[in-house]
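Open the model in your viewer and follow the stops below. Each one says what to select and what is there.

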Amino acid sequence: MQPIIIAGPCSAESEEQLYCTAQQLYDHLLLSSHKLSYFRTGIWKPRSRPKEFQGAGKAALPWLNKINRDFGFPICVEVASPEHLHDCLEAGIKTVWIGSRTAVNPFVVQELADTVKGEEITVLVKNPIVPDLKLWIGNIERFLNASVKEVIAIHRGFSEKNERVYRYHPMWDIPIELKVHYPDIPIICDPSHISGNKKHIAQISQIALDYGFNGLMIETHYRPKEALSDARQQITPIELTHLLAHLSFKSTLTSPAENELRKQRNLIENIDTQISELLHQRMNVVDIIAQIKIKNNLPVVQPKQWNKVVQTYTDQTENDIKYKDFIQKYLELLHQSSIERQRND
């Protein structure tokens with residue numbers, strides 16, 4: 001089975017923006033071993049605030065039909081209401097996705113499922129923005145019950161208050177559990193939304209592929225820095241081509257043990273990336289604290305506050321002696337480094 005590759009801009013901004021992105025995708029992927037399964041874009045974008053750019057709306061449908069005619073790319077757009085679906089079907093667009101914000105409302109999802117009943121259509125279902133496996137499964141079942149022949153799940157991460165590195169928490173155990181419940185339904189990963197920053201896309205993509213995901217949905221824009229939405233997480237068509245060329249879609253390793261090692265090493269790399277960024281953020285906060293102390297003539301060393309930090313770490317070490325020894329050495333170094341930064345300031 002060929003991997004499912006979906007690419008295109010976060011939102012439909014103009015006819016020129018969509019066409020130029022599609023043209024570059026066509027040109028750069030022409031000699032690639034990977035083919036584009038769908039050209040994606042958000043015509044109707046559910047934004048957090050009303051003044052944020054929300055897509056070009058229904059006006060973009062003819063632009064997308066032109067892309068389909070000129071380049072042969074099947075089109076995929078996000079829908080959030082029966083009206084959106086009717087507009088897409090009328091325009092001949094037969095692949096849609098249900099966004100993570102829409103996916104939290106079973107009433108709306110059921111309305112969408114009722115609308116597509118009897119239609120020749122492919123429905124991609126993103127996980128709800130909240131980590132609720134039953135809700136995700138329920139949304140998929142609504143479309144299966146409506147006799148939709150092709151349903152695809154999209155993992156795009158979950159809103160989690162403790163996540164400080166990625167935009168959304170991957171929580172890999174949830175999509176893996178979904179695959180256990182529905183092994184025949186393809187599941188693809190949206191690393192753009194999980195990362196929130198293009199520098200993490202390759203790493204997240206490889207982890208998903210190593211877990212057995214069936215493909216990727218990656219936000220791609222011919223001028224990402226000028227994008228009207230989610231500029232930091234979009235890549236150019238040539239960057240996408242380079243990314244796909246360096247990902248391992250099918251393992252060439254000869255033993256199950258080597259496959260498992262690669263998976264675990266990718267996870268370690270993922271964790272190390274987050275640790276590195278969090279430590280950098282911590283040192284930035286230390287610098288701010290130093291300035292506050294200098295301004296208010298406060299002592300650099302404050303034992304009570306440091307004891308709280310130590311307690312935060314040692315609460316996790318009760319049953320792991322080796323980890324406890326490591327944490328003690330780490331905390332000594334961390335404290336020393338923090339004091340030196342504050343004194344230098």
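**Stop 1: the start of the chain**

Select Gln2, in the segment before strand 1 (4–8). Helices (H or I, at least four residues) and strands (E, at least two) are DSSP runs, numbered from the N terminus. Before going on, note that this is a predicted model: local features need pLDDT of at least 70, side-chain atom pairs count only at pLDDT 80 or more, and totals for chains, interfaces and linings use all residues. Residues are numbered from 1 along each chain as its sequence is written, and side-chain values use heavy atoms, with hydrogens and water left out.

Is Gln2 buried or exposed? Gln2 counts as exposed, because its relative accessibility is 62%. Buried means under 20% relative accessible area, exposed over 50%, and partly exposed in between (1.4 Å probe, protein chains only).

Gln2 and Arg232 are 230 residues apart in sequence and 29 Å apart in space, C-alpha to C-alpha.

**Stop 2: Gln233**

Move to Gln233, in the loop between strand 8 (215–219) and helix 9 (237–246). Gln233 counts as buried because its relative accessibility is 1%.

Show side chains. That of Gln233 makes a polar contact with the side chain of Arg167 at 2.8 Å, and another with the side chain of Glu219 at 3.0 Å. A polar contact is a pair of N or O atoms within 3.5 Å; within protein, one must be able to donate a hydrogen and the other to accept it, and residues adjacent in sequence count only if both atoms are side-chain atoms.

Leave aside neighbours within four places in sequence. Gln233 is then in contact (heavy atoms within 4.5 Å) with residues including Ser192, His193, Asn197 and Ile201.

**Stop 3: helix 4**

Select residues 106–116, which form helix 4. Colour Val109, Leu112, Ala113, Thr115 and Val116: these are buried. Seen down the helix axis, the buried residues fall within an arc of 160 degrees, so they line one face of helix 4. The arc is that of the directions from the helix axis to the C-beta atoms.

What covers them? The cover includes strand 3 (75–79), helix 3 (82–91), strand 4 (95–98) and helix 5 (133–145).

Check the ends. Asn105 caps the N-terminal end of helix 4, with a side-chain oxygen 3.0 Å from the backbone nitrogen of Phe107. Just after helix 4, Gly118 takes a positive phi of about 85 degrees.

**Last stop: zoom out**

The protein has twelve helices and eight strands. Of its 345 residues, 48% count as buried.
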